Amino acid sequence: MSNQNATATLKPLDTVTLEEPTLEDGAGMWDLVSNSTLDQNSAYKYIMMCEYFAETCVVAKEEGKVVGFVTAFIPPEKQDVLFIWQVGVDSSQRGKGIASRMLQEIFDRDVCKDVKFLEATVTPSNKASEALFKGFADKNNTKCDVSELFSQDLFPSDEHEEELRFRIGPVKK
């Protein structure tokens, strides 16, 4: 392929790279959440995820800046599950399929070779996450079961909705 053809086929998404997060990315992840409607966790949480769970997390970067991330882990008692804790995409990058790419990137890693299910919790009003996870199920030709996991009365304030469990799988590799 000639250089001219390669340049002509570039898409805006091609400027975004996906990689395992480093400790330095924790602050960028926290900044992204600070400027969004996502639940704010401490900066420590993001740095800790980068240190202890980097293999099951991903950052999307454009020109070295964190523009998206997924924090996830494999629960010790459920080695066939990848639990997605949080997904964030900068508002300037939405609609480009970055969240879907990040989920698939983690799921395809060697660390997830025994993983057959993806789980996440989603509030009923979070239609973007609902679409993301149902889309992941569709792309992987599997089902997405939704059930209540954490009822609203478990949370210390009335401001938090219930959390529904999205269980996707089994996913064939």
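Here are legends for close-up views of a helix pair and a pocket in this predicted model.

**View 1. Helices α2 and α3 pack against each other at about 135°.**

**View 2. The contact between α2 and α3, residue by residue.** From α2 come D25, G26, M29, W30 and V33, and these meet A43, Y46, I47 and C50 of α3 (contact means heavy atoms within 4.5 Å). Sorted by class, the contact has seven nonpolar, one polar and one charged residues.

**View 3. The largest pocket, with a volume of about 1,100 Å³.** Take a look around its lining of 36 residues, where L38, Q86, V87, N126 and S129 lie nearest the centre. The lining of the largest pocket divides into 16 nonpolar, 14 polar and six charged residues.

**View 4. Strands and helices around the largest pocket.** β4 (81-89), α4 (98-107), β5 (117-122) and α5 (127-139) each supply at least two lining residues. β4 gives the most, with seven.

Residues are numbered from 1 along each chain as its sequence is written, and side-chain values use heavy atoms, leaving out hydrogens and water. Local features need pLDDT of at least 70 and side-chain atom pairs count only at pLDDT 80 or more, while totals for chains, interfaces and linings use all residues.

Conventions: Axes fitted to C-alpha atoms, helices over the stretch in contact; angles between N-to-C directions. Helix = DSSP H or I, 4+ residues; strand = E, 2+ residues; numbered from the N terminus. Nonpolar A, V, L, I, M, F, W, Y, C, P; charged D, E, K, R; others polar. 1 Å grid on protein atoms, 1.4 Å probe; cavity = no way out; pocket = protein on both sides within 12 Å on 5 of 7 lines; lining within 4 Å. Points joined across faces, edges and corners; volume = space filled by probe spheres on them.
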